[in-house]
Amino acid sequence: MVTSEIPPLQFTPTEEIQERISTLRKTFFEHKTRDVEFRLVQLRKLYWAVKDRSQLIANALAKDLNRPEFETVVAESGWLENDIVFVTRNLHKWAKDEKAEDIDLTWKFMNPKIRKDPLGCVLVIGAFNYPFQLTLGPVIGAIAAGNTVVIKPSENAPASAVVIQQICEAALDPSCYTVIQGGVSESQALLAERWDKIFFTGGASVGRIVAKAAAPHLTPVVLELGGINPAIITKNANPRLVARRLLWSKLMNAGQICTSQNYLLVDREILPLVIQEFKNAYNEFYPQGAKASPDYSRIINENAFHRLKAMIDNSKGKILMGGTMDEKELFIEPTIVQVDSTDDSMIVQESFGPLIPILPVDNIDEAIRTANAVMSTPLGIYPFGNKADVEKILSSTRSGGAAVNDSALHIPTLPFGGVGESGNGAYRGRASFEAFIHRRPITTSPSWLEAILSIRYPPYAGKTKTFKAASTLLPDFDRDGQKVTLGWLRYIFTLGGGSAKAGASRAAIVAADPDTDRKE
Ligand code: NAD
């Protein structure tokens with residue numbers, strides 16, 4: 001039965017941790033999770049456990065973050081439900097053996113295929129800001145791929161952590177999936193164990209701790225980190241669109257969202273218009289002000305509040321909008337600050353709050369140079385301008401993802417992840433499944449192939465020429481690295497480079513480079 005009560009968060013006793021992991025490892029080696037039907041049943045039960053608790057999820061986030069219910073439906077319960085339906089609809093297709101492609105004729109007789117093997121027993125560590133989506137999202141992929149999973153929600157969203165545990169315990173087989181609750185010491189006890197993969201969402205400094213803990217066991221790690229994401233606004237941008245879209249992305253969850261922009265680089269030519277449109281949009285979104293609005297979240301805790309306050313207090317910039325705060329309520333008003341340097345306290349770190357620093361620039365080239373200097377591999381980049389501007393920005397920068405004329409937007413079924421300092425690995429949709437499998441190539445050498453395969457056995461004398469003739473691929477480029485156009489006859493001879501045309505290929509190679517043959 002689903003109750004509306006959310007009891008206080010209880011940390012898992014550290015002495016229980018090892019035993020729980022041993023159970024999951026044992027289950028993995030009993031091959032219970034290999035069965036795709038078993039995985040599907042787990043995912044379907046998870047769907048109903050989430051759906052039946054959508055109100056509880058909204059209550060938990062109202063408690064943890066004062067989050068408006070609409071935002072929770074969009075980005076947590078509704079998101080997870082759709083994700084599970086999408087994965088369950090496609091799982092049989094993704095999980096089945098893949099016929100190997102890009103191989104030549106000789107190998108085809110070995111019936112090569114790629115099997116999608118589960119990795120084993122994996123650890124998922126979640127962040128506080130979208131606790132359901134970011135903790136259970138990777139878990140969906142891990143279950144779909146056939147792993148056993150230890151789930152560690154963030155202790156900083158305690159009500160959500162409790163509901164995550166309730167969902168998992170109501171839906172999932174406890175011999176395969178378990179929730180460990182805790183803070184730093186429980187996380188570190190988990191990280192001391194050997195895992196087959198660790199999937200971590202959080203800040204870069206803890207990301208480094210996770211990567212170090214994984215190294216002794218050579219455990220692969222997905223790191224979903226944050227970043228100092230720029231929005232670049234050229235003189236050709238539409239100021240109203242810029243303001244509405246960037247204000248939306250920065251005020252959702254009171255700016256505690258890894259994909260939103262952290263600072264704006266705005267062409268001086270349209271700066272006054274952009275600022276005016278921000279004020280207009282703020283009045284439209286929150287006619288009674290953000291504090292009185294039911295549609296505006298609060299900061300997660302006092303530490304985060306003080307960090308954000310210090311960013312504003314230490315800034316040398318000028319506040320153009322907002323700036324009020326209330327510590328008792330953990331409220332920070334959406335605040336626009338015009339700064340004059342990337343060294344300003346508003347830009348040097350990821351804000352993870354409703355702060356909108358604007359740095360004016362002279363032109364698009366200065367914007368690109370600045371963005372690359374602040375952080376050359378952010379999680380997202382958000383260009384606003386005409387087509388040529390956008391192409392120039394995209395082709396001169398790097399980032400985990402990019403949304404043109406928008407911010408924080410990511411299509412839920414496309415791969416999502418950072419690059420460089422904003423992390424590595426990706427998930428969502430099919431990528432969630434792929435993140436937790438090993439692509440295992442399998443070949444089967446039939447006994448009748450022995451006549452051909454016997455070329456590989458010693459003694460080797462006299463075999464080199466035959467081997468080369470059967471296997472050499474003819475280059476379609478010359479010694480200057482230029483592509484050469486093969487005549488139609490040579491094209492036919494060399495197409496695929498496979499053994500069936502080996503004799504002809506060989507003739508063509510010799511014709512192209514007489515030295516080849518002389519060396520033998
Ligand atoms: P965090 O790094 O403080 O915590 C994340 C998790 O790590 C929590 O479960 C926490 O218990 C655990 N943890 C904390 N300290 C630890 C330690 N010393 N050793 C081991 N584990 C430890 O992150 P957060 O405050 O929850 O989230 C904010 C950060 O996460 C921001 O930087 C944000 O950009 C990033 N983030 C990234 C994504 C993404 O998908 N790329 C999504 C959300 C948040």
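**A buried lysine and its surroundings**

Author: Start with lysine 152, which counts as buried, at 2% relative accessibility. Buried means under 20% relative accessible area, exposed over 50%, and partly exposed in between (1.4 Å probe, protein chains only).

Reader: What kind of model is this?

Author: This is a predicted model: local features need pLDDT of at least 70, side-chain atom pairs count only at pLDDT 80 or more, and totals for chains, interfaces and linings use all residues. Residues are numbered from 1 along each chain as its sequence is written, and side-chain values use heavy atoms, with hydrogens and water left out.

Reader: With which residue does lysine 152 form a salt bridge?

Author: A salt bridge is a side-chain nitrogen of Lys or Arg within 4 Å of a carboxyl oxygen of Asp or Glu. For lysine 152 the partner is glutamate 155, with the closest N and O atoms 3.4 Å apart. Glutamate 155 is partly exposed, at 24% relative accessible area.

Reader: How many salt bridges does a search of the whole structure find?

Author: The search finds 21. One links lysine 26 to glutamate 30, with 3.1 Å between the closest N and O atoms. Lysine 26 is exposed, at 55%. Glutamate 30 is partly exposed, at 48%. Another joins aspartate 173 to lysine 32, at 2.8 Å between the closest N and O atoms. Aspartate 173 sits in the loop between helix H7 (158-171) and strand E5 (177-179), and lysine 32 in the loop between helix H1 (14-29) and helix H2 (36-52), so the pair ties together parts that are 141 residues apart in sequence. Helices (H or I, at least four residues) and strands (E, at least two) are DSSP runs, numbered from the N terminus.

Reader: Which strands pair with E4?

Author: Two strands pair if DSSP finds at least two bridges between them. Strand E3 (residues 121-125) runs parallel to E4, joined by 5 bridges. Here cysteine 121 has threonine 148 as its bridge partner in E4. E5 also pairs with E4 in the parallel sense, over 3 bridges. There valine 149 has tyrosine 177 as its bridge partner in E5.

Reader: How does the chain cross from E3 to E4?

Author: The path goes through helix H6 (residues 131-144), as a right-handed β-α-β crossover. A crossover is right-handed if, with the strands pointing away from the viewer, the path from the first strand over the helix to the second runs clockwise. E4, H7 and E5 make a right-handed β-α-β unit too.

Reader: What is the strand order of the open sheet?

Author: The order of its 6 strands is E5-E4-E3-E6-E7-E17, with mixed pairing. E5 and strand E17 (423-424) stand at the edges with a single partner strand each, so one side of each has no neighbour in the sheet. E17 runs antiparallel to strand E7 (residues 221-224), and 2 bridges join them. Glutamate 224 has glycine 423 as its bridge partner in E17.

Reader: Now polar contacts. Which side chain does arginine 298 contact?

Author: A polar contact is a pair of N or O atoms within 3.5 Å; within protein, one must be able to donate a hydrogen and the other to accept it, and residues adjacent in sequence count only if both atoms are side-chain atoms. The arginine 298 side chain makes one with the side chain of glutamate 329, at 3.0 Å. Arginine 298 is buried, at 9% relative accessibility. Its place is the loop between helix H11 (271-285) and helix H12 (302-313).

Reader: Backbone next. Which residues have a positive phi although they are not a glycine?

Author: Histidine 31 is one of them, with phi about 65°. Histidine 31 lies in the loop between H1 and H2 and is partly exposed, at 45%. Arginine 428 is another, with phi about 100°. Arginine 428 lies in the loop between E17 and helix H15 (430-434) and is buried, at 5%.

Reader: Where is the cis peptide bond?

Author: The bond runs from proline 458 to proline 459, with omega near -5°. Proline 459 is in the loop between H16 and helix H17 (464-471).
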